[in-house]
Amino acid sequence: MKNWTLLLVLLISLGCFGQRYPDFKSLRYDENYSFLKNDTVKNDWYKTMKFLPLSSSQKYYISFGGNIRYQYFYAKNENWGDGPQDNDGYILSRFLLHADFHAGKFFRAFVQTQSSLADGRIDPSPVDQDPLEVHQAFADFNFVNEKSKKFILRAGRQELTYGSQRLVAVRDGPNNRQSFDGVKLMTAKDNISGDFFYSYFVVARDGIFDDHSSKDRQLWGSYFVINKVPVIKNIDVYYLGYKRTKASFNDGAGKETRHSVGTRIWEKSENWRYDGEAVYQFGDFASKNISAWTASINAGYRFNEVKFHPELSFKAEAISGDKEVGDNGLQTFNPLFPRGAYFGLASVIGPANLIDFHPSISLQLSKSVDWVIDYDMFWRYSSNDGIYAPNTILIYPGDTTTAKKIGNQLESEITWQPNPYLYFRLEGTWFNAGEYIKASGTGKDIFFAGITMQLNF
């Protein structure tokens with residue numbers, strides 16, 4: 001596999017993929033190469049890979065593609081010095097390959113395999129390593145699929161992502177992306193689109209073709225997006241239902257049934273961008289009533305007339321935590337299935353029981369090189385609740401100290417994208433442990449560095 005990777009990189013560097021740069025998307029099934037049926041270039045192997053006709057009318061065709069990513073990470077004092085330490089660093093690799101079959105306008109089938117490997121990682125989790133699996137395998141039935149109208153039924157294993165990926169994401173930051181087995185109805189008319197879905201989370205296992213969906217974790221809901229709204233421009237409104245048979249929080253363990261209702265207001269213009277979101281959660285956990293919430297704002301301004309086009313950004317969010325251990329209520333927010341690298345690529349903590357202030361600056365050093373520097377400040381929202389990993393596993397309990405300060409994080413990354421196929425990133429993170437971390441464990445400062453190479457084709 002490594003030899004094939006080097007060959008593909010060499011071909012891209014020599015320009016062997018031609019001049020028709022594709023628009024690669026995070027959700028590869030959103031790509032559409034039907035326009036190539038009108039392309040007059042002959043004997044182009046890359047064009048054939050992206051658009052292989054199976055009939056003389058070219059209405060039946062297959063498109064192939066994939067993604068290869070290598071990452072090297074070095075961490076000093078991982079988990080603030082507690083637990084096993086990968087002092088020599090480790091290499092993560094991920095291979096995604098897909099085939100997309102179209103039968104006219106009314107039927108489509110998409111299959112994608114994933115192989116995620118962790119070399120040198122001590123006791124890798126399923127988020128880091130899953131040797132070979134069917135990551136996606138679904139069929140689309142296009143009852144209506146026009147520019148202004150859509151009515152599509154999708155059934156099978158699929159990736160789900162919505163809005164800012166606060167609650168439902170593909171989890172691209174970590175090594176192993178996540179998927180769901182379920183059905184989804186996608187509708188749209190004019191400026192309004194809406195999805196309705198019911199699914200089971202696919203549990204990753206350290207074997208070959210042994211991943212399966214679990215009734216222990218279910219996700220269902222509806223998500224609406226309304227565009228061209230006066231003043232606020234764009235608004236999302238959604239409901240998400242979640243059931244987990246074996247949930248665990250600082251305040252106990254048991255069955256969890258949680259309902260999330262939320263709204264998001266967002267817009268991006270040439271200079272300004274903003275993204276505000278609020279979510280309320282209710283339901284029951286063991287014998288307790290759930291009442292949790294979060295509110296966030298993410299805004300930035302880009303100085304396009306200034307050298308390097310600096311963009312100043314600021315994020316802030318408040319995320320509820322449990323008020324009191326042993327009572328009949330649970331106020332800990334559950335982020336459900338969020339993007340893994342929630343507060344930076346080091347993925348130190350997750351969005352539960354947290355107050356976060358996060359200023360940053362980004363510079364465009366050239367057309368293909370960007371530099372970002374950000375600084376994060378973390379506090380516990382409630383001194384009676386602990387802190388959690390992105391997957392809601394409790395890292396430290398809430399009763400070690402009344403101090404709320406978790407720490408400060410400084411992160412910097414440089415990205416280089418010489419063409420649409422190749423992407424490189426160099427990053428570094430320093431986390432200065434606060435009073436709560438020092439009272440709860442070894443309490444050492446974390447240093448994290450990594451380099452990423454990614455190839456899309």
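1. Contact is used here for heavy atoms within 4.5 Å. The model under discussion is a predicted one, and, with neighbours within four places in sequence left aside, Q218 is in contact with Y198, S199, Y200, G241, Y242 and K243.

2. As to where this residue sits, Q218 belongs to strand β9, which covers residues 212–229. Its relative accessible area is 10%, and because buried means under 20%, Q218 counts as buried.

3. Two polar contacts of the Q218 side chain deserve a look in the viewer. One joins the side chains of Q218 and Y198 at 2.4 Å, while the other runs from the side chain of Q218 to the backbone oxygen of K215 at 3.1 Å.

4. Turning to the protein as a whole, three helices and 22 strands are assigned. The radius of gyration is 23 Å, close to the 23 Å that the globule rule gives for 457 residues, so the protein is as compact as a globular protein of that length. The C-alpha trace spans about 70 × 50 × 45 Å along its principal axes.

5. Of the contacts with a separation of 6 or more, 59% are between residues 24 or more positions apart.

Terms used: Residues are numbered from 1 along each chain as its sequence is written. This is a predicted model: local features need pLDDT of at least 70, side-chain atom pairs count only at pLDDT 80 or more; totals for chains, interfaces and linings use all residues. Side-chain values use heavy atoms; hydrogens and water are left out. Helices (H or I, at least four residues) and strands (E, at least two) are DSSP runs, numbered from the N terminus. The radius of gyration is taken over C-alpha atoms; the globule rule is 2.2 Å times the number of residues to the power 0.38. Buried means under 20% relative accessible area, exposed over 50%, partly exposed in between (1.4 Å probe, protein chains only). A polar contact is a pair of N or O atoms within 3.5 Å; within protein, one must be able to donate a hydrogen and the other to accept it, and residues adjacent in sequence count only if both atoms are side-chain atoms.
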